[in-house]
Every structure is written in C-alpha cells, then in structure tokens.
Amino acid sequence: MTCWNYLPAEIKQHVVKKLDFMSRVSLGSTCRLNRQIVNSTKLELPRVRFGYKKGRSLIVIYTGIEKFLRLEFGNSIFPVNLERNTDYFWKPSTLKCGLGSFCKQCSDPFEYWYYQNLPRRVLHEPFWTDFILNIDQKLIREELRMNYVKDEREKIQKASKKKNLVSSWGFRRDGSINEEGQGKKKRIRKKKKKKIPILENFKDSEDVGEPEVVSYEIFEDSENLEDSEDVEEQKQTSDYMTPRFILTVVLFPILISFIFYLGDTPPATTPDTTDS
Amino acid sequence: MSVEPEVPIVQVEEVRENPVLYKIISSDNHVFTISEHAVKLSKTLWDLITNLGLTAENALDNPIPVENVNGKNMETIVQFCERHKYDEEEPEYTNYIREFVLPEWDRQLLSIDNEELFQLILATNYLDIQKLMDYCCRVIGDMAKDKTPEELRIIYGIPTDAEDDALERSASDSPGPSG
C-alpha cells in the first residue's frame, strides 16, 4: 500500500513547503524522520516579534488576525538562523491616506489590527514595554485601563450578537467545547466580568477578542502578580458565605465542645452493691 | 516498438487545433493519445520524444511505453495536461500558502483516495510535471491542516518511532539472502 513513507524525501520536502506553521509542527511531531524533513525545509513566517530582556526572551509568531503563537523563555538562549525578506515590509508607495496603518480602509488588515491593539498590549505586557516612554506613569496606565474596560464591553456586546465563533488557526477545534462549552464559558465570563471588570483576561496578554484555545506560555509576567493577589482577596471574601466555611467555623467548635462536655460529666450514681 | 495494445485506445479529450498527437502506453497496456502542447508539460516525456526523434508523421506509429505509471494515473495525468496545455506561467507568490488557491476543476480531479493520490505523486515525479506536482502537494498539505500528530499518522499512514525501530530490528535479525 502506497503511503507517506513510500514518498522520496524530496517530495516530502515539497509537501512540507506547502504546509502552514502549525501543520509543520504536527507533522514534525509524528516521528523522527518527519522531524528531520520538517527541519530541513525553509520556514517562512511573515510576522514575528522578538523580545529579550533581563534573561527572558519572547517570541510571538503572528499567523493572522487575532491568531498567534506566543512563546516565552526564561534564562535560555538558543541559536536561530534568521533571514530577512524585504517583500513583507511596509512600502510607502502603498500609502493611500495619511493615517497609514491606522486607516481601516486602505491599510493591511493585520497592520490595522496590530496597531489598534498596541495600547492593550502595553497594558498587558508591562515587562516588554520599554519602547514606549513614560509608560510607568500611573495616569497613563489608568487611562489605558479605562479604555480597555470600555473596549471590552463593546467586544462582549458584539460577541454576543455573533453566534458562529471561528476558532483560532492551527489549533484543533473540539466540537463539544466550542458549541456547548463556549456558551457556558461565555456566561461564566460575563458573570465574572460584572464582578471584576478590569482584571479579567489579564493572562491573555496578546489576545483581544476571544482568547486563544492553547497558548504555549512558560510563565506569566511577574508584574501581573499584584493583580492576581487582588483577585485572590476577592475570592477569599466570597468564601465567607460558603456552607463549608459555616460548617468549619461555627458548627465544628460547637460539636467539639459538646463532646468535651459529655466527657467531663460524672457518671450517674449507681447503688453500691458491696454494702448489701 | 512492437507493443500490441490489448485495450482499445482511450481518447481522453478532443484535440482541436494541434494536429501532432502522441501515443502513450501505460504499464497495464492502456493506450492514451496526447497532444504536443500537453506532452510538453512532462519534461521526461518531452525529452524522450525529442531524443527518439518523433515527428508529426511517425508519432502515432511509435507509441511511448511508460512502465512506471498505471492506466488510472496516466488517465488523470493526460486529463490534467490537456486541460493546462495553454496555461500561462503562474505568478510568483510572496506567500504561496495564503495566496494560492487550487482551481475547482483540479480539486475535483484530485479528490481521490489517499493511496491513489500518493501513487499519482510518484507518477508525476517520474514524468516530471511540475504543475501537477505542486497541485498534488497542495492537496496533501490541505489534508494536514488543523490535524494533530495522531490524526496525521492515520491519514498519512506514518508509523511511530517504536514501530520503526521494531521494523529495523526485525530486518536486521532476519537472515540475509544466501549466496
């Protein structure tokens, strides 16, 4: 039976050239031989963002609008051969109006999405925002937060109108989760958003719409820890009203004291039989 | 060349303008007629024709045997070549994966089962038809879209590393040809 293994390596490489990034990763994970074939084929990524700061490195591979693979490494440097292709760079000749990448009509859709979401990224990734001056100022941060909340509300309203959600590219779509689970998740998210409007979705630093199904994050930004503490405090306050809390704090001491009370009481006096 | 075809000649597509026709015999003795423009898409066949010195007069009398390709695959190949014989060269894509769209006619032609498709790729590779090779690879690539490694193993029939190792071990343990 003719199958993949019967094909010569050159044809396999030819097929791999036609695959997108995530399919290459999948094929490379099937066996050693395919990994070698995938690694030997040149990979072209139109948009990649690199970051390196204080021993931490970040790679974001953009595969489309609201579709990306985010990798973050700590204390590791790995050699990568990179080749720049100037075809993908922005050309001034294509500029139709003065707004450039901020124009919805004439700019590239990806460029528009990217620049529209730049403030959000700054808010989510404070560790990687050295390229903007005065970002540490509290007023700017607050303003960004307010804008974020406003934008999120609009997005939720829009998302509730849209019924068919398109899953992220490159990741497997699980029907049960997307169709049934998605609705539940949404409801839970909405409930949570009512309570903590700002702190929600802070972990999905790059995403602005529907969060990614899978994100290969090795660790979160340490700056977000402050926010997570706030969330924990809020959770603790909600824990006071749970039945488990009532059981342990109120009923359990009463029960113990009752047992001690029973143990301390002298046994009922019985008539002495030895005297008779 | 004295190959007697057992099966009647299959006329795949009516040839309109070009009077020069060539005959190709597949491994299972099916005979196909193909026009000059169409046969030029296959580098192997065209080299063979020029080396043999076949002309418009003696082309039909001297059928070209192709031992590595069966009738079914040859029929697909001839259909494809006849369809695309007057095509212009495709533009250079900056991002092939995103920009290139497989034409509907070709998608239907190549909507065959996996085994046949892999056989067709091998035949295309032998006949050196670049365009068909690109299209076939694209179809195989589309099969892998949004699939997990386990699913790919099933679709492509890829054995695991453990199975590969076991096969290698059994091949090395088995006695070689006695001589």
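1. A point of terms to begin with: two strands count as paired here if DSSP finds at least two bridges between them. With that in hand, and bearing in mind that this is a predicted model, chain B has an open sheet of three strands in the order β2-β1-β3, with mixed pairing. Its edge strands are β2 (31-35) and β3 (64-65) of chain B, each of which pairs on one side only.

2. Have a look at the β1-β3 pairing in chain B. Strand β1 (residues 21-25) runs parallel to β3(B), and two bridges connect them. B:Ile25 has B:Pro65 of β3(B) as its bridge partner. As a reminder, strands of a sheet pair through backbone hydrogen bonds, either parallel or antiparallel.

3. Across this sheet you will find helix α3 (residues 71-83) of chain B, which lies over β1 and β2 of that chain and runs at about 15° to β2(B).

4. Chain B as a whole has nine helices and three strands. Read from the N terminus, its elements follow the order β-β-α-α-β-α-α-α-α-α-α-α. Of its 179 residues, 40% are buried. For contacts in chain B between residues at least 6 apart in sequence, 61% join residues at least 24 apart. The chain exposes about 10100 Å², and carbon and sulfur atoms supply 49% of that area.

5. Most residues other than glycine have a negative phi.

6. B:Asn29 has 23% relative accessibility, so it counts as partly exposed. B:Asp128, with a relative accessible area of 32%, is partly exposed.

7. Turning to chain A, helix α1 (residues 9-17) has A:Ile11, A:Lys12, A:His14, A:Val15 and A:Val16 buried. The buried residues of α1(A) pack against α2 (21-28) and α3 (32-40) of chain A, and also against α6 (114-127) and α7 (130-143) of chain B.

8. Lastly, please check the nonpolar surface patch of about 600 Å² made by A:Phe245, A:Ile246, A:Leu247, A:Val249, A:Val250, A:Leu251 and A:Ile254. Among them, A:Val249 belongs to helix α9 (residues 243-264) of chain A and is partly exposed, with a relative accessible area of 45%.

Methods: Residues numbered from 1 in each chain as written. Chains lettered and ligands numbered in written order. Predicted model: local features only at pLDDT ≥ 70, side-chain atom pairs only at ≥ 80, totals over all residues. Heavy atoms only, no water. Helix = DSSP H or I, 4+ residues; strand = E, 2+ residues; numbered from the N terminus. Contact = heavy atoms within 4.5 Å. Axes fitted to C-alpha atoms, helices over the stretch in contact; angles between N-to-C directions. Patch = residues over 30% accessible without salt bridge, like charges linked within 9 Å, V, L, I, M, F, W, Y side chains within 5 Å. Areas by Shrake-Rupley, 256 points an atom, 1.4 Å probe, with all protein chains shown as cover. Salt bridge = Lys/Arg side-chain N within 4 Å of Asp/Glu carboxyl O. Buried < 20%, exposed > 50% of the residue type's maximum accessible area, 1.4 Å probe, protein only.
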